Amino acid sequence: MTQNTPLSSRLPLPSEDVTLRVRSAAQLRARGVSAAQTSAQCLPGGPWQQILPGVYLLHPGPPTGRERLHGALLYAGRPPVSARRAPARLAEPGYGPGEEDAYGEAMVTGVAALALYGFAAVGPLGALHRIDVLVPRTRRLRSARFVEVLRTAVMPRAVRVGEVPVAPVERALADAVAATAEASDVRRLLTEAVREGHCEPAAVVRELSEAELLGRPAVVGAVDALLAEGRAAAEARLYAMVREHGLPDPVWNVELRLPGGPRLGAVDAYWPDHAVAVELDARAPRYGVPARRRQAEEDPQWAAYAAKREQLERLGVTVVHLTPRKLREAADQQATVVRTALMAAADREPAAYVMVLPR
C-alpha cells in the first residue's frame, strides 16, 4: 500500500469485531493512515472520534462497554516512546501490529474485571464509569478519562476471559476493595466471590493483606463474613461429596474425647465404626503478616492441626485432611481418598475407644 492509495481504501471498514472498531494510532499508521488523516476523520461531525489519547473509535456513536474496555487496554498497553521508534511488526495485511502485542502486559482489574468474571454485585460492564487497568510499576502512564491506571511491582499472570487479559479474581477483588468505601459493598463482593466459587477465602485474605487493606474499617467485618461464608461453602461441598459418591454416612461436626480424659479436638466428619475422621483446613492467613514472613515463620494454626492429628493417630484414628480448594476442584479424588481410608480400617489394629460428642 502506498501513499497514492486513496484514503477510503486504507481506512478500516465497520466491523462486528470490537477490536476492529477501536484502533490505536499505531495500528492506523500501520494501515497507512497518517496522523493528519486520522485527525481529519475525528473533526466534529466526522465518522471517527478519539476516546483516549492515541485511541480512536471508528464510528460516531457512543462507545459500548466492550469498546471502552478494548480502548482502555490499547491505551495502557501502548509501548514506551523508545519502543515506538522501532519498526512496527505487522500481523495480517492491513491490520497493523499483531493483537497479541497491542495490550502489552496490561490487564483489566478491579470492578471491571469482576464484571467480566460475572459478579452480580458489580452489574454489567457497560454501566461502569471506570475501568481499572494494571500495568508494571515502571510504566510512566497517567490515568485518562474513564481509565484508571494501577501500577504494581509484580505483575500477576493474566487470566483470559474470552480474548481479554484479566487479573486473577483475588487480585481484581483487592483492587476493587481498595476503591470501595462502603462496608456493605465490600461485604457483597467478598461474599459473592466465595459463595459462587470464584476463589477461596484464604487466597482473598492473602491478597488483601499484601495490599495492606485488612485494617480498613470497611474491610474488617467483611473479612469475618468472608471466612464464615467460606467455611459454610466448604462444609456444603463435603456433605455433597459424601452423598454423591455413595460414602457411608458419618456423624457430622463432633468433638472427640477420651473417656474421663482430655478433649482430643473437633472434626468435621467421623465414622466411629472405622475410626476415620475428616478435617477441613479452612485456616485463614494471619492478618497483616506479609507472605514472605508467613513463609519464614511457624504457623500456629497449622501447629495446632498437626498436634491434634498426631494425637488422634496415636490412638488409631485415621485423619483425612481436606482443603476447600481440593473439594471444589477435585471432589472425586477426595472421595477416593476417604473411601480408601474407610476400606483400610479392617486391616488396622482396633483404635482406642473415644467418646463422640456434638459440638
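**Exercise 1.** Decide whether Glu 212 is buried or exposed.

*Solution.* Glu 212 has a relative accessible area of 69% and is therefore exposed, where buried means under 20% relative accessible area, exposed over 50%, and partly exposed in between (1.4 Å probe, protein chains only). Glu 212 sits in the loop between H11 and helix H12 (217-244), and its phi is positive, about 55 degrees, although Glu 212 is not a glycine.

This is a predicted model, in which local features need pLDDT of at least 70 and side-chain atom pairs count only at pLDDT 80 or more, while totals for chains, interfaces and linings use all residues. Residues are numbered from 1 along each chain as its sequence is written, and side-chain values use heavy atoms, with hydrogens and water left out.

**Exercise 2.** Find where Ala 275 lies, and decide whether Ala 275 is buried or exposed.

*Solution.* Ala 275 lies in the loop between strand E10 (263-271) and strand E11 (276-280). With a relative accessible area of 8%, Ala 275 is buried, and its phi is positive, near 55 degrees, in a residue other than glycine.

**Exercise 3.** Describe how H9 and H11 pack.

*Solution.* Helix H9 (residues 169-178) and helix H11 (residues 201-210) pack at an angle of about 50 degrees, their axes being 9 Å apart. H9 and H11 are therefore oblique to each other, since angles under 35 degrees count as roughly parallel, over 145 as roughly antiparallel, 65 to 115 as roughly perpendicular and the rest as oblique. On the H9 side, Glu 170, Arg 171, Leu 173, Ala 174 and Val 177 meet Ala 203, Val 204, Glu 207 and Leu 208 of H11, contact meaning heavy atoms within 4.5 Å.

Conventions:
Axes fitted to C-alpha atoms, helices over the stretch in contact; angles between N-to-C directions. Helix = DSSP H or I, 4+ residues; strand = E, 2+ residues; numbered from the N terminus.
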